[in-house]
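My notes follow in the order I made them.

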Amino acid sequence: MKATAKAHTNIALIKYWGKRNESIILPTNNSLSLTLDGYFTTTTVEYNNSLSKDEFTLDGLAVSGESYKRVSAFLDLIRNMAGKQVYARVESVNDVPTAAGFASSASGFAALAAAGTKAIGLKLNDQELSRLTRQGSGSACRSIYGGFAEWEMGMREDGSDSYAVPIAPADYWDIRVAAVVLSSAQKSVSSRVGMRRTVETSPFFQGWLDSISKDLLEIKQGIQTQDFEKVGEIAEANCLKMHATTLGASPPFTYWHDTTLVVMQKIWEMRLQGTPVYFTIDAGPNVKVLYLPEYEEQVKQTLGSLPGVSDIRLSRPGQGITYL
Ligand code: DP6
């Protein structure tokens, strides 16, 4: 009754930003991501009849509060599927700065779902695993797959048609992502709260939704033809539209820091000078930069020397779930 799984985080090129059902996590739009090899979570789940409650450690420290509740509630889903009432010891080790906009919840829930289902004896296919993972954290359902994946929002109320599907594997295209780390500080508005506030109050939310299907169609064409400029342009514009919705929310908020803008402006300047680099930003201040391998040195040098940049971590496309 024990299993270990490793999952990588993913970066959304077309963002998931809005839920139509909060309790089983159904999104308001499709999203599309690239799984990254640089950030991952390794999780061991062991069910044991002698436990009187679930136990959860992250990087060796016992976790309580909201995070514990989310993990335990997710284990309930697995227990219900398996028809077994047995508590678990969960040990997670994160190679993702938690809650700093690096979607640690994505690799975290993907690894938990994989290890938790295997340890209890469930044999799920990727689609079933993705559908389950979605209910832990939406973006996590895309981390089941390596390379490019699309989360199909689905139409049904019960969520049975809401899961991610693979678009192209990790070795399909050597596109790189540099995470420009500005601050490891915990973010002030979680993606969950930020998303809800935006859906409920931002007049820009509808405009955001209306723009998704065109972005999706075009970015998929760009991936299919390996047209880097096209993919970069659409991803960057999609990110800016998502972040614009937060400024229209009430009360308004932004995930950007002053240095976020400094990095964005530098990237625009690099493009004007002929270097094809693009950015995307999740629910945190750090900037993820898309580039092709031949520009790696330039990206590292130019962005690494900016004031306020504390680290640059380079990623290639990463693999989906692996069992250890
Ligand atoms: C900005 O997946 O963390 O990174 O479903 O509430 O757990 P919950 O949210 P989460 O949101 C991710 C938002 C995003 C965009 C994206 O990854 O698509």
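Entry 1. I started in the loop between α6 (212–224) and α7, where Q226 is found. This is a predicted model, and I read its backbone angles as computed values. Phi of Q226 is near 50°, positive in a residue other than glycine.

Entry 2. I looked up I25, which lies in the loop between β2 (19–21) and β3 (26–27). Phi of I25 is also positive, near 50°, and I25 is not a glycine. Is I25 buried or exposed? I25 has a relative accessible area of 2%; the cut-off for buried is under 20%, so I25 is buried.

Entry 3. I checked the peptide bond from S250 to P251 and found it cis, with omega near -5°. P251 sits in the loop between α7 (228–247) and α8 (258–272).

Entry 4. I turned to strand β12, residues 287–291. Which strands pair with it? Strand β10 (residues 176–181) pairs with β12 in the antiparallel sense over five bridges, and A179 has K288 as its bridge partner. Strand β11 (residues 278–280) also runs antiparallel to β12, joined by three bridges. There, Y278 is bridged to L290. I noted that a hairpin of six residues connects β11 to β12.

Entry 5. I looked up burial along β12 and found five of its five residues buried. In a regular strand, side chains alternate between the two faces of the sheet.

Note on methods. Residues are numbered from 1 along each chain as its sequence is written. This is a predicted model: local features need pLDDT of at least 70, side-chain atom pairs count only at pLDDT 80 or more; totals for chains, interfaces and linings use all residues. Side-chain values use heavy atoms; hydrogens and water are left out. Buried means under 20% relative accessible area, exposed over 50%, partly exposed in between (1.4 Å probe, protein chains only). Helices (H or I, at least four residues) and strands (E, at least two) are DSSP runs, numbered from the N terminus. Two strands pair if DSSP finds at least two bridges between them.
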